[in-house]
Amino acid sequence: MSQPDSELLRLRDSIDNIDAALIHMLAERFKCTQAVGRLKAEQGLPPADPDREKVQIARLRALANEARLDPDFAEKFLNFIIREVIHHHEAIRNAR
């Protein structure tokens, strides 16, 4: 195997490991947000919290910038997650 091929395989292995870690981290995050959704439903709170969302987006944009990741991409990614969390919170509320 040539050097470029072995380097490509090494990089792809790293990407695969990172992808696996991302999936596990997202699963843990959604376990926490499901618990938040249950608490919100019990306390009669709305599924969405626009003020917290704004704070989180600003915080993660800053973190992305520090990490040299495109803040616009980070915001799009977080907005996708937030929409899914709200959807879960609405489902939890409607199941009660």
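## Largest pocket

Thirteen residues line the largest pocket, and Leu-22, Leu-26, Leu-60, Phe-77 and Ile-81 lie nearest its centre. A pocket is an open set of points, on a 1 Å grid over the protein atoms alone, where a 1.4 Å probe fits and protein lies on both sides within 12 Å along at least five of seven lines; lining residues have an atom within 4 Å of a point. The volume of the largest pocket is about 370 Å³, a volume being the space filled by probe spheres set on the points, which are joined across faces, edges and corners.

Helices α1 (3–43), α2 and α3 each supply at least two residues of this lining, and α3 gives the largest share, five residues. Helices are DSSP runs (H or I, at least four residues), numbered from the N terminus. By class, the lining has twelve nonpolar, no polar and one charged residues. Ala, Val, Leu, Ile, Met, Phe, Trp, Tyr, Cys and Pro count as nonpolar, Asp, Glu, Lys and Arg as charged, and the others, Gly among them, as polar.

## Basis of the model

The model is predicted: local features need pLDDT of at least 70, side-chain atom pairs count only at pLDDT 80 or more, and totals for chains, interfaces and linings use all residues. Residues are numbered from 1 along each chain as its sequence is written, and side-chain values use heavy atoms, with hydrogens and water left out.

The protein chain has an average pLDDT (the predictor's confidence in each residue, from 0 to 100) of 96, and 99% of the residues score at least 70. Among the elements, mean pLDDT is lowest for α1 (96) and highest for α2 (98).

## Second largest pocket

The second largest pocket has a volume of about 310 Å³. It is lined by 15 residues, of which Arg-29, Thr-33, Arg-52, Val-85 and His-89 are the closest to its centre. Two or more lining residues come from each of α1, α2 and α3. The lining divides into seven nonpolar, three polar and five charged residues.

## Packing of α2 and α3

Helix α2 (residues 50–66) packs with helix α3 (residues 71–95) at an angle of about 145 degrees, and their axes are 9 Å apart. Axes are lines fitted to C-alpha atoms, for helices over the stretch in contact, and angles run from 0 to 180 degrees between N-to-C directions.

On the α2 side the contact (heavy atoms within 4.5 Å) includes Ile-57, Leu-60 and Ala-64, and on the α3 side it includes Leu-78, Ile-82 and Ile-86. By class, the contact has eight nonpolar, three polar and four charged residues.
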